[in-house]
Structures are given as C-alpha cells and as structure tokens.
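Please report on the structure shown below.

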Amino acid sequence: MFKQLEYSVITVMMEHPPLPHTSTKMAAFGHTFPFYAGPKPTFPMDTALAVIITIFLTALVTFIVILPGIRGKMRLFWLLRVVTSLFIGAVILAVNFSSEWSVGQVSTNTSYKAFSSEWISVDVGLQVGLGGVNITLTGTPVQQLNETINYNEEFTWRLGENYAEEYEKALEKGLPDPVLYLAEKFTPNSPCGLHGQYRLAGHYTSAILWVAFLCWLLANVMLSMPVLAYGGHMLLATGIFQLLGLLFFSMATSLTPPCPLHLGTAMLHTQCGPAFWITLATGLLCVLLGLAMAVAHWMQPHRLKAFFNQSGGEGSVLEWNPEEGGFLSPRYRSTAESPEPQDIPLSEASSETCCKEEHPREPDCAP
C-alpha cells in the first residue's frame, strides 16, 4: 500500500512539477522533502581502519611497557625493530581496506534532489578503494533548505556483494542527485566502464597485498631466529609485492580514458590518493631494508647479528650480563673465548668432611 501511494505521489509530481525556486515540504518529515529520510549518522573514520589501528597501537603499547626491562644499548635497537615492523604490518593491512586509492573533490553549485529545482552549494568528494566507492556530500554551509546536508555513502564490489543492488537501494532511499550521479558512473551498465576497470584492479591488488602481508609475517619469524639472511629476503619480497600491487593498480586503472564527471558548474577530477603514496613509501622502505640486510650479511655478519642480539658463532654459549639487562638482553660469547674449567684442589680437611657427609659407612672415610 505504501509503495502504491509513493508511486502515485511521484506521478502527480512529474505531471505537475514545482515552480522554480520552490520546494515541496511535508511537516510529518520535519519540513524535508517527502519520503526522503535524513542523512544517517556516520562514524568519524572507517571502522575497519579504526580496528586495525587499535590492534597495532595496543601491540606497540604492550612492547613499550616491557621496554624498561631491557638495559643498555640493546633497548634502542629493540625498540627500532619493533616500531619499524609494526608500522610496515599496519600499513599493509590499512591500505588494503582503505577507500583512498584514487580521490577527487570539487566545490560546485548543483541540484539537490529529484523533482526539485532547488540548487545548493556543496563540496563533493569521491574516494575509490580496492573494495568499492565512497561518496561524500557536504553543504557549504551545512544547513541549507532547512536540512542538514552531510552525506557519506559507500558502494562496494567486494566478493559476495552486488554493486548494482546497492545502487538500486540508493535510488529507493532517494539520495541526493550528486551522490546518485557519481554512483551511477561505477555501475556495471555504465558506458564509462569504471566498474570493471576499478573492480578488476581492486581484486588483484588486494590479493597481492595479502601476499605481501604473509611475507611480512614470515620475515618477523625468521628475524627472530638465527636465519637473518632469509629474513632479509622475505622483507625484500614484502616490498616487491607492494610495488607490484601499485604497478597493477596503475596499469588497470589507466586502460580506458578517464570518464568526465560533471557536477553542476564544475568537473570532478581524480588522482592518486594517500593510500597509494603511503604504499609506495612503505614498499620502497622494505626494499631498502632488505637490500641493506643482504649487504650487511655479506660484509659485516657479526654486526648484523649483534644488532638483532643473536650469537656470533656456532659454538656459542649464553652469558648473563647484568649491565645489559639480564636474560632479557643476553650477551653471547663463543666457547673459544670462554675460560677453560679449572680443577681446584680441596684441602685434606675439607675432603674428609665431604667424604663423611656423603659416604659415612665406607671404611675409607673412617678417621
């Protein structure tokens, strides 16, 4: 019944459109356009990104708590390794769920909603990620036409999700015209071809980044074992896979000419976003660290092992050094450097006493 009523109202409005610079109001909806719900409240940042940041910050705080137990110069080396490793892992995960691989923003005057000739002054933002599109619409000022114009809508194409269905739901909700216009450009049936282009790039780039994350995990495991050379190789592989992901994303998104995005009196242009550049910086960092470890393992293996607090030779023993933090920061010394055990002769009185205590009934211990 409600659907029939909605269709009948829309038909009447199409036959008798509102006069210019007037708007149809309905008191039951708080003086807003009929059948258009207000903008839903939004979280200040992406929830997936917030969870990833929280997890890695918790791990960092945990390591900092135990930092006072390490004394001497090894404290600085240990903190540097932990911070660098957590930063690389957090970046790989965060950019995989980020929606800022390709971004664009423009300020313009455009129509607000269907069946209305009202124009508004807004800032329109477009963020394209590996898993979908995020569109923002913010009024300048926010309060216009007796409404709060502040929208943040997401349309995804991840595995198991249908972009076309999400777009149809947005049409049923009656979202503003700029949001629907940009979302329509990424539909599968759009002549721009952006859906297949960015969807293919997102799927394969995400898969490559997951391989980079696996290499990061293996690098951490190997660097905590006496196989530093292989740990450096895995760190190098981590950077190479990140750079390969960037290369594939750039190639896949440049196969077709850019689609013009006209919004009112302005045109929206997109460029590489923060996620792209931070991935590039992290990939180069991993490559440089991997190459540095390979060179150090070839030229100064003992210093490399000292930096990672590992043994300097095969026949090494663990020596406790209170100045270096006890067993939390062990100091290794080779068996060649260790003093040879010496036989300390016991005095005759002490020998008889020990003999009586251990073997009281033997005749040799009798006085």
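In which crossing, left-handed or right-handed, does helix 3 pass helix 6? Helix 3 passes helix 6 in a left-handed crossing. A crossing is left-handed if the near helix is turned anticlockwise from the far one by less than a right angle, and right-handed if clockwise.

## Basis of the model

This is a predicted model, in which local features need pLDDT of at least 70, side-chain atom pairs count only at pLDDT 80 or more, and totals for chains, interfaces and linings use all residues. Residues are numbered from 1 along each chain as its sequence is written, and side-chain values use heavy atoms, with hydrogens and water left out.

## The chain overall

The chain has 10 helices and nine strands. Helices (H or I, at least four residues) and strands (E, at least two) are DSSP runs, numbered from the N terminus.

Of the 367 residues in the chain, 37% are buried. Buried means under 20% relative accessible area, exposed means over 50%, and partly exposed lies in between (1.4 Å probe, protein chains only). The chain exposes about 21700 Å², and carbon and sulfur atoms supply 65% of that area. Accessible areas come from the Shrake-Rupley method with a 1.4 Å probe; for residues, only the protein chains shown count as cover.

Contact means heavy atoms within 4.5 Å. Among contacts in the chain with a separation of 6 or more, 64% join residues 24 or more positions apart.

## Helix 3 against helix 6

Helix 3 covers residues 74-97 and helix 6 covers residues 194-223. Their axes come within 10 Å and cross at roughly 165°. Axes are lines fitted to C-alpha atoms, for helices over the stretch in contact, and angles run from 0 to 180 degrees between N-to-C directions. Helix 3 and helix 6 are therefore roughly antiparallel to each other. Angles over 145 degrees count as roughly antiparallel, under 35 as roughly parallel, 65 to 115 as roughly perpendicular and the rest as oblique.

On helix 3, the contact is made by Ser-85, Ile-88, Gly-89, Ile-92, Leu-93, Val-95, Asn-96 and Phe-97. On helix 6, Ser-206, Leu-209, Trp-210, Ala-212, Phe-213, Trp-216 and Asn-220 take part. By class, this contact has 10 nonpolar, five polar and no charged residues. Ala, Val, Leu, Ile, Met, Phe, Trp, Tyr, Cys and Pro count as nonpolar, Asp, Glu, Lys and Arg as charged, and the others, Gly among them, as polar.

Ala-201 sits in helix 6. Ala-201 counts as buried because its relative accessibility is 0%. Leaving aside neighbours within four places in sequence, Ala-201 is in contact with Phe-248, Phe-249, Ala-252 and Thr-253. Ala-201 and Met-251 are 50 residues apart in sequence, with C-alpha atoms 8.3 Å apart in space.

Leu-228 belongs to helix 7 (residues 228-253). Leu-228 counts as buried, at 5% relative accessibility. Its C-alpha atom is separated by 7.8 Å from that of Lys-305, 77 residues apart along the chain.

Pro-141 lies in strand 3 (residues 132-144). The peptide bond from Thr-140 to Pro-141 is cis, with omega near 5°.

Leu-145 is in the loop between strand 3 and strand 4 (147-156). Its phi is near 55°, a positive value in a residue other than glycine. Leu-145 counts as partly exposed, at 22% relative accessibility. Asn-146 lies in the loop between strand 3 and strand 4. Phi of Asn-146 is positive, near 60°. Asn-146 counts as exposed because its relative accessibility is 60%.
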